[in-house]
Amino acid sequence: MLAGGQALRHFSTATQSQKVCGPAVKLLLIQYGLENRNIEGSGPKNKNILKSDVLKIVEAEKLKPVAHQVHAPKETHIEKKSIEKKSDIFGANNRSLRHHQDIPLSNIRSVIAKRLTASKQQIPHEYQGIDVRIDDILALRQKLKKSGTAISLNDFIIKAAALALRSVPTINVRWTPEGIVRLGSVDISVAVATPTGLITPIVKNADILGVLAISSEVKELSGLARESKLKPEQFQGGSFTISNLGMFGSVSNFTAIINPPQCAILTIGGTRTEVVPRNGELETQKL
């Protein structure tokens, strides 16, 4: 095999550089070790060496291709330092970074993966989004906080969703192979991140609980979830799920996968402040 670039550069300094020939002829000359041979060309003005001129010599002398050894260019001190620096940056010289680690799936992560994969494959997902003004709720939270009662925005959202489900019972349902089951109670599943995976403890009868009772229930269930102490009936079932990433300010919105056998899920993004005209003046509002 020939290294074309380096071999052709070598040829340009040889005797044949005084003759005129194309790249294919040059390569043929090098291939048979004829680059330094003074060959009479049969092309125009007897200067252009043609491929046939070379092949005549090859046939007459029964030449065989010559093996050319090409040496890699020597690595400069600067290039070597640069390569060493890049290797160190990417961890090639750091043994602690050179070995990957296989983390086995926990039982809960395995179940989540199977169920949500099946959900995305088998349930037609359709998404809708809307902005909601929350100035009044934030003002109420601040008022309650001053009186010593701490309630999260998510607690209000759970209550609002529960009341909406009671008003629209066609969404407060579960899907079964036999058909749709309309539920008699409104049980809200709340997505909670734990060290072993995402789990959705259930706030039962959320439509008839007060916001303070919902807040207390969520705190208790979240604590049990993070300690892996939830009972099956505390996270299996439910009629509707809420997943809130609003505490991460950079997440304005996101989509989620329906938690079967439920038929709907609500996602909550972060809040933002907007300036809007109202009654001839500009004012800010929280969305």
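A salt bridge is a side-chain nitrogen of Lys or Arg within 4 Å of a carboxyl oxygen of Asp or Glu. I start my notebook with that, and I note that the model is predicted.

**Entry 1: salt bridges**

I looked up Lys229 first. Lys229 forms a salt bridge with Glu227, and their closest N and O atoms are 3.4 Å apart. That distance is within 4 Å, so the pair qualifies. I then checked how open each partner is. Lys229 is exposed, with a relative accessible area of 54%. Glu227 is partly exposed, at 48%. The two get separate labels because exposed means over 50%.

How many salt bridges does a search of the whole structure find? The search finds four.

Arg133 forms a salt bridge with Asp135, with 2.7 Å between the closest N and O atoms. Arg133 is partly exposed, with a relative accessible area of 38%. Asp135 is partly exposed as well, at 24%.

Arg37 and Glu61 meet through their side chains in a salt bridge of 3.0 Å, N to O. This pair links distant parts of the chain, 24 residues apart. Arg37 sits in the loop between α2 (23-31) and α3 (51-61), while Glu61 is in helix α3. I found Arg37 partly exposed, with a relative accessible area of 32%. Glu61 is partly exposed too, at 38% relative accessibility.

**Entry 2: the nonpolar cores**

Next I went to the inside. The largest nonpolar core has 23 residues. Ile158, Ile188, Val203, Ala206, Ile214, Phe240 and Ile242 have the most contacts inside this core. Which elements give two or more residues to this core? They are α7 (153-167), β3 (188-190), α8 and β7 (240-244). The largest share comes from α7, with six residues.

**Entry 3: two helices packing**

I turned to α7 and α8. Two packed helices are described by the angle between their axes and the distance between the axes. For α7 and α8 the angle is about 115 degrees, and the axes are 9 Å apart. The crossing of α7 past α8 is right-handed.

Which residues meet there? From α7 I noted Asp155, Phe156, Ile158 and Lys159. From α8 I noted Val211, Ile214, Ser215 and Val218. These residues divide into five nonpolar, one polar and two charged.

**Entry 4: Ser215**

Ser215 made me stop. I found Ser215 in helix α8, residues 211-226. Is Ser215 buried or exposed? Ser215 has a relative accessible area of 2%. Buried means under 20%, so Ser215 is buried. I then looked up what Ser215 touches, not counting residues up to four places away in sequence. The answer is Ala150, Ile151 and Asp155.

I checked the backbone next. A cis peptide bond joins Pro260 and Pro261, with omega at about 10 degrees. Pro261 lies in the loop between β7 and β8 (265-268).

Asn205 is not a glycine, yet Asn205 has a positive phi of about 55 degrees. I located Asn205 in the loop between β6 (202-203) and α8. Asn205 counts as partly exposed, at 32% relative accessibility.

Ser228 also has a positive phi, of about 60 degrees, although Ser228 is not a glycine. Ser228 lies in the loop between α8 and β7. At 53% relative accessibility, Ser228 counts as exposed.

**Entry 5: far in sequence**

My last stop was Asp131. Asp131 lies in the loop between α5 (107-122) and α6 (135-146). Asp131 is partly exposed, with a relative accessible area of 48%. How many residues apart in sequence are Asp131 and Thr271? I got 140 residues. In space the pair is 9.5 Å apart, C-alpha to C-alpha.

Conventions: Residues are numbered from 1 along each chain as its sequence is written. This is a predicted model: local features need pLDDT of at least 70, side-chain atom pairs count only at pLDDT 80 or more; totals for chains, interfaces and linings use all residues. Side-chain values use heavy atoms; hydrogens and water are left out. Helices (H or I, at least four residues) and strands (E, at least two) are DSSP runs, numbered from the N terminus. Buried means under 20% relative accessible area, exposed over 50%, partly exposed in between (1.4 Å probe, protein chains only). Contact means heavy atoms within 4.5 Å. A nonpolar core is a set of buried Ala, Val, Leu, Ile, Met, Phe, Trp, Tyr and Cys residues joined through side-chain atoms within 4.5 Å. Axes are lines fitted to C-alpha atoms, for helices over the stretch in contact, and angles run from 0 to 180 degrees between N-to-C directions. A crossing is left-handed if the near helix is turned anticlockwise from the far one by less than a right angle, and right-handed if clockwise. Ala, Val, Leu, Ile, Met, Phe, Trp, Tyr, Cys and Pro count as nonpolar, Asp, Glu, Lys and Arg as charged, and the others, Gly among them, as polar.
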